[in-house]
Amino acid sequence: MRNYERTIKIAFDVVSKSIIDAELVLKNTQDAFALRKQYNEQKIKPICCECQQELVVSHSRYDRVYFKHKPNHNFCILIDEKLSPNEQEVFISNLQSKESPRHKELKNKIGRLLASEDGVDVSSINVDNHFITITNEKRKPDVYCEYNKYKIAFEIQISKLSQKYILSRHNFYKKNGIFLIWILDNFNIHNQTGLERDIKYLNEYQNFFKLDERTESFKLICDFKKSYLTESNQLRTKWINESITLGQLKFNNQIYQAFFYNFDENYKNNEIFQIQKEKAIIEAKAEVNSKKELLISTQKVENVISKIAKLKITLINQDKLSL
Ligand SMILES: [Zn+2]
């Protein structure tokens, strides 16, 4: 089977600006027929939710409808990468979630709040309307803006993690010199067992962001692992979160990653502090010990002196008696 012949079940219709799910349409053959008719009459214009290229509506001999890329289409991860059926399903559900009311609410809120932030170029803010193209690949971030000299793409993640989905966006934005900030929603990062690798692509600094909806300015709740020394000088880590402003974010130009708390740097610093503290404790103990020894030897000397004194008295008394 040639690549372009592989089928996909969802498409974005540029006319109605909504997702068409072929499986839902399939439940009613009458609708399947209607969909093909609408397509032939150009009343719907399906594009791929992932690569944004035009799709055609096709049907099988059993009268099933589905979408296909056109022959000689450019690269599309859904077609050209060998995704397992499960991977494809999670990938598609990530794309589908973009049309959920919550997803739309979040991206509009982010766009609106960014407009009143210092340093944000208001004319650069785009909610779901900014295409970024590089060598045949095209992406449309949920929200795009330019802040000081940084280009930032916000992608909202509300469904379960798909490593391929996250990695494809991670690599694409990095290649374009764009900082990708994942906005997680309804999502507990600490429950993601066995997904360490995937989580790393969300943020190499292990900083995870949610939109702080308790304020009327743009703030993010950052979850991060903080390292600290206990009173007994043990190095420990714990997850905490903090509500931060855009101005509190730091930007790493090498890996195009925005972060608030640098876990590795803080951990290494704490390791150094731990060694220094340990040394100081040993030195303090040694000092205490030497003082104790001094005290003991002083007492010994005093004991000897008092013994000598007593001896002298005895000797003097003996002398007196012998006289
Ligand atoms: Zn595609």
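Q: Which residues form one aromatic cluster?
A: In this predicted model, one aromatic cluster is formed by Tyr147, Tyr150, Phe179, Phe251 and Tyr256.

Q: Why is the pair of Phe179 and Phe251 called edge-to-face?
A: A pair of aromatic rings is described by the distance of the centres and the angle of the planes. The ring centres of Phe179 and Phe251 are 5.0 Å apart, and the limit for a pair is 6.5 Å. Their planes stand at 80 degrees, and an angle over 60 counts as edge-to-face. The pair is therefore edge-to-face.

Q: What parts of the chain does this pair link?
A: The pair links distant parts of the chain, 72 residues apart: Phe179 is in strand E12 (residues 179–184) and Phe251 is in strand E16 (residues 250–252). Both Phe179 and Phe251 are buried.

Q: What makes Phe224 and Phe260 an aromatic pair, and which kind is it?
A: The centres of the two rings, Phe224 and Phe260, lie 5.5 Å apart, where the rule asks for a distance within 6.5 Å. The angle between the planes is 70 degrees, and the cut-off for edge-to-face is over 60. The pair is accordingly edge-to-face.

Q: Why is this pair said to tie together separate parts of the sequence?
A: Phe224 lies in strand E14, whereas Phe260 lies in the loop between strand E17 (257–259) and helix H8 (263–322), so the pair ties together parts that are 36 residues apart in sequence. Phe224 and Phe260 are both buried.

Q: How do you know whether Ser227 is buried or exposed?
A: Ser227 has a relative accessible area of 4%, and buried means under 20%. Ser227 is therefore buried. This residue belongs to strand E14 (residues 219–229).

Q: How do you know that the charge of Arg139 sits over the ring of Phe172?
A: The charged end of Arg139 is 4.9 Å from the centre of the Phe172 ring, and the distance rule asks for a value within 6 Å. Lys238 lies over the face of Tyr228, 5.1 Å from the ring centre.

Notes
Residues are numbered from 1 along each chain as its sequence is written. This is a predicted model: local features need pLDDT of at least 70, side-chain atom pairs count only at pLDDT 80 or more; totals for chains, interfaces and linings use all residues. Side-chain values use heavy atoms; hydrogens and water are left out. Helices (H or I, at least four residues) and strands (E, at least two) are DSSP runs, numbered from the N terminus. Buried means under 20% relative accessible area, exposed over 50%, partly exposed in between (1.4 Å probe, protein chains only). Rings of Phe, Tyr and Trp (its six-membered ring) pair if their centres lie within 6.5 Å; planes under 30 degrees apart count as stacked, over 60 as edge-to-face and the rest as tilted. A charge sits over a ring if NZ of Lys or CZ of Arg is within 6 Å of the ring centre and within 35 degrees of the ring normal.
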